[in-house]
Amino acid sequence: AAIATRRDGKQGLPVIVLSSLAGRVALPGARAVVSKPVRRATLHRTLAEVFSPAVAVAAPAPRLPANRTGWRLLLVEDNSINQRVALAILARLGYRADAVANGREAVTALSRAPYDLVLMDCQMPEMDGYEATRAVRGPDSTALNPNIPIVAMTANALTGDRERCLEAGMNDYLSKPINTKALSECLALHLSTLSVPSAPRTALDWKEYLERMGGDSGLAAELLSQFCREVMDYQVRARTALAKGDGVTLGRAMQSLKSAAGNYSAKNLRLAVTEVETALAQGLDLSTSFNALEDELKAVLDDASRHIKNESPAPRLTPAPPS
């Protein structure tokens, strides 16, 4: 291909070439070459470099807080190996993510929990990524945030796939297998437009619990230590029952956990247990609600450990015997 130039020798309109052979072509007169299919972030960066090179060089990339666990991502992927790889990459990047196996589970999860961004596989059983995205964006959506950023993940990465993703209502797409750098840039681009997550909330209502203990902080810390041991026991029992498909044992573990959560003013833990009980009673998939429960259990243990450390009485020093 040839790039037309002005006869008077003056610089004409800048030309950006879109080519599936990017990296292997060199067209005289072209200001830049962008590979197809075109990603939003790549095109945005290229346009900035062409029209405002000084600004583009000086402009920093979207910056996110060092601690990114405040954001909550949803990974929608039916392949278990791909799930594990993607979750590991997200964890290394500092993000907290839940995983579901198909679009139907994704729609359910988005109606129950306040996620900030979705990584959506396109080809899945039961409900694919396109259909799930249309359900989230549609007028009858049950999603808590129908405008949540949705990034497609596709193994094909053909030009037509990009148009199909955008038509379904997705915001961006990534080619599979996932590249860590591309994923990091994509998340930074979309999450940087959102409000910075607030400081982590407390999982225990310490004031209410301390009042129940008559204001005795030492006793409160001692009993809270016992509660932590009990919680870990409930968690093991619940995981085992879930793995075996033992709904009866799982239900009993949830009853015990809910009772303990109430006694120690772990209000959000009680709500998380209720979500699991509801899913269990209705015969729904338990993966989303159980993942949320385990997240809350971790928050409770972290919060409890902080209070135990702060409220436990300092060890008494035994005076040295007289010499």
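These legends describe close-up views of a predicted model. Local features need pLDDT of at least 70, and side-chain atom pairs count only at pLDDT 80 or more, while totals for chains, interfaces and linings use all residues. Residues are numbered from 1 along each chain as its sequence is written, and side-chain values use heavy atoms, with hydrogens and water left out.

**View 1. Tyr209 and Tyr264 form a tilted aromatic pair.** The structure holds three aromatic pairs. Rings of Phe, Tyr and Trp (its six-membered ring) pair if their centres lie within 6.5 Å; planes under 30 degrees apart count as stacked, over 60 as edge-to-face and the rest as tilted. Tyr209 lies in helix H8 (residues 206–212) and Tyr264 in the loop between helix H10 (247–263) and helix H11 (267–281), so the pair ties together parts that are 55 residues apart in sequence. Helices (H or I, at least four residues) and strands (E, at least two) are DSSP runs, numbered from the N terminus. Tyr209 and Tyr264 are buried, meaning under 20% relative accessible area; exposed is over 50%, and partly exposed lies in between (1.4 Å probe, protein chains only).

**View 2. Phe227 and Tyr264 form a stacked pair.** The centres lie 4.4 Å apart, with 20 degrees between the planes. Phe227 belongs to helix H9 (residues 217–244), and 37 residues separate it from Tyr264. Both Phe227 and Tyr264 are buried. One aromatic cluster takes in Trp206, Tyr209, Phe227 and Tyr264.

**View 3. Arg164 lies over the face of Tyr130.** The distance to the ring centre is 3.9 Å. A charge sits over a ring if NZ of Lys or CZ of Arg is within 6 Å of the ring centre and within 35 degrees of the ring normal.

**View 4. Strand S3 (residues 72–76) is mostly covered.** Five of its five residues are buried. Arg72, Leu74 and Val76 point one way, Leu73 and Leu75 the other. In a regular strand the side chains alternate between the two faces of the sheet.

**View 5. S3 pairs with strands S4 and S5.** Two strands pair if DSSP finds at least two bridges between them. Five bridges join S3 to the parallel strand S4 (residues 96–100). Leu75 has Ala99 as its bridge partner in S4. S3 also runs parallel to S5 (residues 117–121), over four bridges. There, Leu74 is partnered by Val118.
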